[in-house]
Amino acid sequence: MEIVAKRPPTTLLRRLVRLALVLVSLILIPMLLLVACQSKLIYFPRPYGPDTVKEWRQSTGGKIIEYQTSQGRQRAFLQGNLKSPRNLWIVCGGNGTVALDWAEWLQTHAPAEDAWLLVDFPGYGDCKGSPTPGRIRENLTTAVPLALREIGWQGTPSARLRFFGHSLGSAACLIAASEFKIQRGVLIAPFTSTMAMSRVVTGLPVGFLVWHRFDNAARLAELAARGSGEAIIFHGSDDESIPVTMSRTLAADRKDIVRLREISGGRHNDIQEKNAEAVAEALREIGKP
């Protein structure tokens, strides 16, 4: 008679091992996705249409700033009062926009006595390459001196420079503030840092894995350490992309320089349209000597 060996019963240890493997997989998979795909989670580049720049020049009389970086040919755009501007503003849009998306709004609402340098990230608009914090810094540090030369200013007169940014563009503008010692500006829907945003996106404490590091809290601390300054922040209470709690944190941590204007019911991309006059008034206020 053939004897069939019985399979040993599943032990508690084996069950625990399997459970541990499942848990590790649940943790590791989001981490691996964050490491491998974070560029696609942060940046959403798109090019200009065939007539966009031509139409911009016709409507604004602006000038194109052409330059080269490690990423190849880049373009920024200068508009406003280019003959004798009171201030030069560095303007950067969010991760899904291009610089000229702001051109009409600025022409309609922004102080007419100022000049406005609209800067794209590498890979956006007419710019070659791909974006990283370092490459965005390179675009800014190259474009700003060229714009200063275009409007006839000597050196880098920090007291007459301002910043205006939305979302990821807020982080870019604060990089410019760090580089050129700019002490005054307006921000819309900034985050505290991309490391903190990683937890918002994944629900896990994986900020240590983020290598596209933008740290607005640190840049504002640097601004305060340089001396007198002011940043007005607008943030919608119903922002679906960047929680308003992040701007509350920035304002609470830097009461000496930050004024938060929380917009009831405001969402991530509608502040400048639905509250255009309030934002324009902030630009006028920050633009004063």
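Predicted model: local features only at pLDDT ≥ 70, side-chain atom pairs only at ≥ 80, totals over all residues.
Residues are numbered from 1 along each chain as its sequence is written, and side-chain values use heavy atoms, leaving out hydrogens and water.

**Stop 1: the core.** Select Leu88, Leu117, Leu118 and Phe164, which have the most contacts inside the largest nonpolar core, a set of 80 residues. Such a core joins buried Ala, Val, Leu, Ile, Met, Phe, Trp, Tyr and Cys residues through side-chain atoms within 4.5 Å; buried means under 20% relative accessible area (1.4 Å probe, protein chains only). Now show the neighbours of Leu118: leaving aside residues up to four places away in sequence, Leu118 touches (heavy atoms within 4.5 Å) Ala76, Phe77, Gln79, Val91, Ala99, Leu100, Trp102, Ala103 and Leu106.

Stop 2: Select helix 5 (residues 168-180) and helix 7 (residues 216-226). Helices here are DSSP runs (H or I, at least four residues), numbered from the N terminus. Where do helix 5 and helix 7 meet? Ser170, Ala171, Leu174, Ala177 and Ser178 in helix 5 are in contact with Asn216, Arg219, Leu220, Glu222 and Arg226 in helix 7.

**Stop 3: helix 6.** Move to residues 194-202, where Thr194, Met195, Met197 and Ser198 are buried. They lie on the same side of helix 6, because they cover an arc of only 155° around the axis, taken from the directions from the helix axis to the C-beta atoms.

Terms used:
Buried < 20%, exposed > 50% of the residue type's maximum accessible area, 1.4 Å probe, protein only. Helix = DSSP H or I, 4+ residues; strand = E, 2+ residues; numbered from the N terminus. Axes fitted to C-alpha atoms, helices over the stretch in contact; angles between N-to-C directions.
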